[in-house]
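This report covers selected strands, helices and disulfides. The entry itself comes first.

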Amino acid sequence: MFRYIAGRLLESIVVLLVVSFAVYGLIGLMPGDPIDLMVQGDPNLTPEDAKRLKALYGLDQPIIDRYLAWLGNAAQGDFGYSRNHGQPVLDVIGSRIGNTIFLLGISLILSLAIAIPIGIYAALRPYSPLDYAINMFCFAGISIPPFWLALLLIILFSVTLGWLPAGGMATVGASGLLDRLEHAVLPVAALTIASVGSFTRFMRASMIQTLRQDYIRTARAKGVSTTRVVTHHALQNALIPLVTVIALSFGTLFSGALITETMFSWLGMGKMIYDAILGNDYNLALVGLMIATVLTLAGNFLADIGYVWLDPRVTIASRADKR
Amino acid sequence: MADKPIRNFLRYWLGAIALVCGLAIAPPAFAAKDTLVIGISQFPRNFNPNIESMLAKSYVLAMARRQITIYDPNWKLICLLCTELPTYKNGRAKNEKTADGKDGIAVTYSLLPQAVWGDGTPITVKDVLFTWQAGRHKQSGFGNSELFERITSIDVIDDKTFTLHVNKRTCDFAGISGLELLPAHIEEANFAEPVEYRKRSAYETDTTNPGLWYGPYRIAEVVSGSHIVLERNPKWWGQKPAFKRIIVKAIENTAALTANLLSGDIDYIAGELGMTVDQALAFEKRAKDKFDFEYKSGLIYEHIDVNLDNPVLADIRMRRALLHAIDRNAINQQLFAGHQPVAHGQTNPLDTVYNPDTPKYAYDPKQAKALLDAAGWSVIKQGIRHNAKGERLQLELMTTAGNKSRELVQQVIQSQLKQVGIDLRLRNEPARVFFGDTVSQRKFPDMVMYAWVSAPQNIPRTTLYSTQVPTPENNWSGQNYPGYRNPVMDKVLDDVETVCEDAPQKKLWHDMQRLYAEDLPALPLYFRANPFIMPKWLKGVTPTGHQFTSPNWVETWTAE
């Protein structure tokens, strides 16, 4: 077990180094730098000003030198200063990550809470009218562009009915959980509708396959009730593919949902990373993407543990031994 | 196959989820009428007025600060923080020689006697001196340092009066809007290490400190990326503003911006930072009865830069033919409902230096065809012109991808040029690549369409002077992207800066506009308009059309 964890940690460090260099390099390859962007927005800036500012921000140095300087500082816990926000990077991320976890966490829990029972129900009655209806709902959720869905929700619930705020995270000057929940309803709904379809489809397919297994047929032949067959015999095995999907989406849980955040003016990680990349805010983009990478790796690690829990045939030791 | 317990479980499960969602639904709290909520499409990156220029920042700071001089809504230079503008006549402007014998000028200003920072500390010459010293420091991170460099010394006359000694005598000496005062009593300590100043400035670390602000409002709350709350400044010396609070919300997506307006989450979409004209026109059709719409054209000059190193386009007959072949009036009427007036040069007709006698190129396809024939493109094959060598008249027009207005205009131009036998190909790039690479390094083969933002009485030195052509030798500096080189224009640009007597200066301005129209280094299209979408109860908002935005007069805004 120890060897396995140590191996995974080593792998993760290598992946993080490669990702950080790739991201830094790719942003650096984009045309223009922060000062070029500044010049476009200010016709009064002279070429001399641009030269002076590039030297001040260290942008006149080769990209590899800049990356190594960043890496050195990051190793000492200094992740730099965000140009887009005028604050230290960790302060910016600290204020955003909680919002993202809140929004995407609720949405993920809600999606699973809807998708798992619906998927099971559809699997138990395959090709029935209800199964077709569930499938239609799922495909609609998967196919509707998030931008359009968000707009539709705003128009219906904010403009027409006036029930919910159209955007933001809280009423200015108000505090309290209820106000925050009100602001979260529409973005959570938009994200949930978009993700519940795919989760349901995975659950349904996996459950149908599991229900065809010999051991399920045996259980039924022994007169075990459907409820018991599903909950005690089939569900655990049917969840394995879903765990993989959830593990893969773990990174996006923290890197945010760009379109939904933009449409609802939700201050999350997705919009922050997007703006950081476009605005050449190297420090912020890098740390944001690194966090997403770390969490994706952590998600995959947890998924591996989850397989062991769900399927006794899988053991970490055997996986480690195979290396 | 499903038995009753599973059905029951599902029923209760989904019921519980619906209940949780339903509980969270309640009518939203709406802002009271003593609060004005403004929607803008950008959020300021920082709040220090001297570090990086950005429209969203200028918009917000206009409510919380007052520049020494600015242009008013009638495009006249006025004092906001000073008692009177310096002129030779009132003795506040005097010619002098610099230490190295050049023509310099001394200009004297007096700050308003009643002007104080939001914490009650008087605004004095000490603040002027600190700002100037910080601006001159190479590592302070200030954006535009030209003004600070030009000021060689400052004489303190008294607490409120000072004389600037400027090492270059120019006609626009009276305007010093670039000298954005900083509170010495707060910022001096933060400037101890100049290289760290942009991070340690109280504008970033303590933005709600009342001592930073001296406008009708002061910043009371900032939620980065979301909103800024401004509250009345109790120390403000001028007219008391009508609204107790102003909330500026950043909503970047324009569809969401309009939905927020319709739902009442915001009251007003700022013209300076809101929607484009085509978006506003579409919205106006749906919400004409609920809001007032005002379209103010201004200093954003949409044009097509022509690559003059391309032999086809170096021929002035070709450039004139192109302009005769484009029906700019139809573009304005059909796409923008007449709100974006046709430009005949880069100087806006609202500018006091505008020359009404500038040569104009009316839509005249016949004339365009004649000019093309004369330029040697007279053989027409399958509707497209060819020259004697059999070369096809094919040009490429590039612009920013995703900008719907420009893409629409591009398509109209393509079809209009086809009618005179020009095969126009369109190729667009993301703004980042377009400006960061293609335009700034002159990589476009034929033509690029974009806009310039300028100021009233702006001398277009960086865009027209022959030494301002970006080249690898000058490290791609300068903004003369067409590659325009005309010694006569250079002379006019030099003189218009320093010949200040009314009549000769007026002639120089007129000569500059005439030369531009005759040489056509760029094809003028139209002046972009800003759509202001206001609730019917909001009065007193006066769009300016230039870089000094409407909130500079926020104290006159009222709810009726």
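## Around helix α2 of chain B

Contact here means heavy atoms within 4.5 Å. Helices (H or I, at least four residues) and strands (E, at least two) are DSSP runs, numbered from the N terminus.

This is a predicted model, in which local features need pLDDT of at least 70 and side-chain atom pairs count only at pLDDT 80 or more, while totals for chains, interfaces and linings use all residues. Residues are numbered from 1 along each chain as its sequence is written, chains are lettered from A and ligands numbered from 1 in the order in which they are written, and side-chain values use heavy atoms, with hydrogens and water left out.

Helix α2(B) spans residues 55–64 and is mostly covered, with eight of its ten residues buried. Buried means under 20% relative accessible area, exposed over 50%, and partly exposed in between (1.4 Å probe, protein chains only). The buried residues are Ala56(B), Lys57(B), Tyr59(B), Val60(B), Leu61(B), Ala62(B), Met63(B) and Ala64(B).

Two strands pair if DSSP finds at least two bridges between them. β10(B) pairs with β1(B) in the parallel sense, over six bridges. There, Ile38(B) stands opposite Val248(B) of β10(B). β10(B) also pairs with β9(B), in the antiparallel sense and over five bridges. Val229(B) has Ile247(B) in β10(B) as its bridge partner.

Ala220(B) lies in β8(B). Its relative accessibility is 24%, so Ala220(B) counts as partly exposed. Beyond its neighbours within four places in sequence, Ala220(B) is in contact with Thr208(B), Val229(B), Leu230(B) and Glu231(B). The C-alpha atoms of Ala220(B) and Asn233(B) are separated by 9.7 Å, and these residues are 13 apart along the chain.

## The open sheet of chain B

Which strands form the open sheet, and in what order? The order is β4-β5-β7-β6 in chain B, with antiparallel pairing. β4 (93–97) and β6 (151–156) of chain B stand at the edges; each has a single partner strand, so one side of each is left without a neighbour in the sheet. From one strand to the next, the twist averages 25°. Helix α3(B), residues 125–136, packs on the sheet and touches β6(B) and β7(B) (161–166). The direction of α3(B) makes about 165° with that of β6(B). Axes are lines fitted to C-alpha atoms, for helices over the stretch in contact, and angles run from 0 to 180 degrees between N-to-C directions.

β4(B) pairs with β5(B) (residues 103–110) in the antiparallel sense, over five bridges. Lys94(B) stands opposite Ala106(B) of β5(B).

## Disulfides

A search of the whole structure finds two disulfides over all chains. A disulfide is a pair of cysteine sulfur atoms within 2.5 Å.

| Pair | S to S | Angle about the S-S bond | Hand |
|---|---|---|---|
| Cys79(B), Cys82(B) | 1.9 Å | -100° | left-handed |
| Cys171(B), Cys500(B) | 2.2 Å | -90° | left-handed |

The link of Cys171(B) and Cys500(B) joins distant parts of the chain, 329 residues apart. Cys171(B) sits in the loop between β7(B) and α5(B) (184–190). Cys500(B) sits in the loop between α17(B) (487–498) and α18(B) (502–519). Cys500(B) is partly exposed, with a relative accessible area of 22%. Cys79(B) and Cys82(B) are both buried. Counting bonded cysteines along chain B, the pattern is 1-2, 3-4.

## A helix pair in chain A

Helices α8(A) (residues 177–211) and α10(A) (residues 226–248) have axes that come within 9 Å and cross at roughly 135°. The two are therefore oblique to each other. Angles under 35 degrees count as roughly parallel, over 145 as roughly antiparallel, 65 to 115 as roughly perpendicular and the rest as oblique. The contact includes Phe199(A), Phe202(A) and Met203(A) of α8(A), and Val229(A), Val230(A) and Ala234(A) of α10(A).
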